[in-house]
Amino acid sequence: MTDFDRHGDAPTPDAALAATDITHKTAWILGLAGLIPFVAMTAALAYAGRAFIAYPQLVLALSGYSATILAFLGGIRWGAALWRDEGQRHILVLSVLASLVGWALLFVPTPWMFAGFAVAFALVGVWDVLAARHRALPDWFGRLRLVLTIVVVLCQLVAFASTF
């Protein structure tokens, strides 16, 4: 039997609850896995610093990944705004800023780009947590974003200090 009732019209309450539980568990797993590049590259920068033979590539990789994830976070808010479809024009505009800021930070000299990424991730994280508290996003998403934001901002600050 599928997730729909016998008439094929709508998910049963149990199926809908199970799908929500699977979605939020999957989001947590993927979110935590997404921290691996941040932590690994930051640890490499902190450990080896400028003496690392691939230092320029490591800085490029961490900054590129940071910009990519900022764009992804903006895309989440874009999609949520489209789904709600009730006066979300300002959310659409703000969600694009994450991508543009991430791209612009790629042109900022090291170490200042990492300071900029720390601020950008902190702002997007606060925005997401507040949205969850105001029921614009699911509660569990706000908790996920809080955890991920803390780790990513700390990584950006360590990268800043390591490249200063």
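Helix 6 supplies the largest share, 7 residues, of the lining of the largest pocket in this predicted model. Helices here are DSSP runs of H or I with at least four residues, and strands are E runs of at least two, numbered from the N terminus. A pocket is defined on a 1 Å grid over the protein atoms alone as an open set of points where a 1.4 Å probe fits, with protein on both sides within 12 Å along at least five of seven lines; lining residues have an atom within 4 Å of a point. The volume is the space filled by probe spheres set on the points, which are joined across faces, edges and corners, and for the largest pocket it comes to about 400 Å³. At least two lining residues each come from helix 1 (13–33), helix 2 (35–48), helix 3 (55–84) and helix 6 (139–163). The lining has 20 residues, with G31, F72, L73, I76 and L148 nearest the centre of the pocket. By class, 15 are nonpolar, 4 polar and 1 charged; Ala, Val, Leu, Ile, Met, Phe, Trp, Tyr, Cys and Pro count as nonpolar, Asp, Glu, Lys and Arg as charged, and the others, including Gly, as polar.

Residues are numbered from 1 along each chain as its sequence is written. Local features need pLDDT of at least 70 and side-chain atom pairs count only at pLDDT 80 or more, while totals for chains, interfaces and linings use all residues; side-chain values use heavy atoms, without hydrogens or water.

The chain contains 6 helices and 0 strands. Mean pLDDT, the predictor's confidence in each residue from 0 to 100, is 90 for the chain, and 88% of residues reach 70 or more. Among the elements, helix 5 has the highest mean value (98) and helix 1 the lowest (82). Residues 1–7 have pLDDT below 50, and this stretch makes 11 contacts in the model beyond near neighbours in sequence. With contact taken as heavy atoms within 4.5 Å, 69% of the contacts between residues at least 6 apart in sequence join residues at least 24 apart.

Of the 164 residues, 35% are buried, where buried means under 20% relative accessible area, exposed over 50%, and partly exposed in between (1.4 Å probe, protein chains only).

Q156, in helix 6, counts as buried because its relative accessibility is 0%. Leaving aside neighbours within four places in sequence, Q156 contacts F38, S66, F114, F117, A118 and F121. D128 belongs to helix 5 and is likewise buried, at 1% relative accessibility.

Most residues other than glycine have a negative phi, and most peptide bonds are trans. The bond joining T110 and P111 is cis, with omega about 10°, and P111 lies in the loop between helix 4 and helix 5. R135, in the loop between helix 5 and helix 6, is not a glycine but has a positive phi of about 70°. R135 counts as exposed because its relative accessibility is 59%.
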